[in-house]
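The sequence and structure are shown first, and the description follows.

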Amino acid sequence: MREAGRRGLDEQALLVAAGLADLAVSALGTALGTVRGLLRRSDATELAAQAEQDLAARGRLVLDRYAAAPPAHLEVLARHALAARERTSDDV
């Protein structure tokens, strides 16, 4: 009984692996077809330059989002206090 259950699981795993392999081959074929189509375009150079600019801009946004540390809370409060003090001394 257990052997039949194990054989069923092995067969299921094999079917899933075969399905994943077929999906990967299909996706790769689609990607290669897209690349071939892009290479045949007359404006491929401009398209590549625009893609490079877009990727650079996206990279800059990511680095700005994650690399830049937010200003220190106490530093922000000190600047506000200094600005308020300067405003009150200018009013006098």
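In which helix is the place of Thr 30? Thr 30 lies in helix 1, which covers residues 2–40. The model is a predicted one. With a relative accessible area of 52%, Thr 30 is exposed, since the cut-off for that class is over 50%. Between the C-alpha atoms of Thr 30 and Gln 12 there are 27 Å, the two residues being 18 apart along the chain.

**Overall form**

The chain contains 3 helices and 0 strands, and its pattern along the sequence reads α-α-α. Its radius of gyration is 30 Å, well over the 12 Å that the globule rule gives for 92 residues, so the chain is more spread out than a compact globule. Along the principal axes, the C-alpha atoms fill a box of roughly 90 × 55 × 15 Å. Of the 92 residues in the chain, buried residues make up 0%; the class of buried residues requires under 20% relative accessible area.

**Surface and charge**

The accessible surface of the chain amounts to about 8600 Å², and carbon and sulfur atoms account for 62% of it. A nonpolar patch on this surface is formed by Val 16, Leu 20 and Leu 23, which together have about 290 Å² of accessible area. Leu 20 is placed in helix 1 and is exposed, at 54% relative accessible area. As for charge, the chain carries 12 positive and 13 negative charges, whose mean positions are 6 Å apart.

**The salt bridge**

Side chains of opposite charge can pair when their charged atoms come close. How many salt bridges does the structure hold? The structure holds 1 salt bridge. Its partners are Glu 75 and Arg 79, with 3.1 Å between the closest N and O atoms. That distance meets the criterion for a salt bridge, because the cut-off is within 4 Å. Both residues belong to helix 3 (residues 73–91), and because they are 4 residues apart there, about one helical turn separates them. Glu 75 is partly exposed, whereas Arg 79 is exposed.

The relative accessible areas of the residues discussed are set out below.

| Residue | Relative accessible area | Class |
|---|---|---|
| Thr 30 | 52% | exposed |
| Leu 20 | 54% | exposed |
| Glu 75 | 40% | partly exposed |
| Arg 79 | 56% | exposed |

Notes: Residues are numbered from 1 along each chain as its sequence is written. This is a predicted model: local features need pLDDT of at least 70, side-chain atom pairs count only at pLDDT 80 or more; totals for chains, interfaces and linings use all residues. Side-chain values use heavy atoms; hydrogens and water are left out. A salt bridge is a side-chain nitrogen of Lys or Arg within 4 Å of a carboxyl oxygen of Asp or Glu. Helices (H or I, at least four residues) and strands (E, at least two) are DSSP runs, numbered from the N terminus. Buried means under 20% relative accessible area, exposed over 50%, partly exposed in between (1.4 Å probe, protein chains only). The radius of gyration is taken over C-alpha atoms; the globule rule is 2.2 Å times the number of residues to the power 0.38. Accessible areas come from the Shrake-Rupley method with a 1.4 Å probe; for residues, only the protein chains shown count as cover. Lys and Arg count as positive and Asp and Glu as negative; His and the chain ends are not counted. The place of a charge is taken as NZ of Lys, CZ of Arg, CG of Asp or CD of Glu. Patches are made of residues with over 30% relative accessible area and no salt bridge: like charges are joined within 9 Å, nonpolar side chains (Val, Leu, Ile, Met, Phe, Trp, Tyr) within 5 Å.
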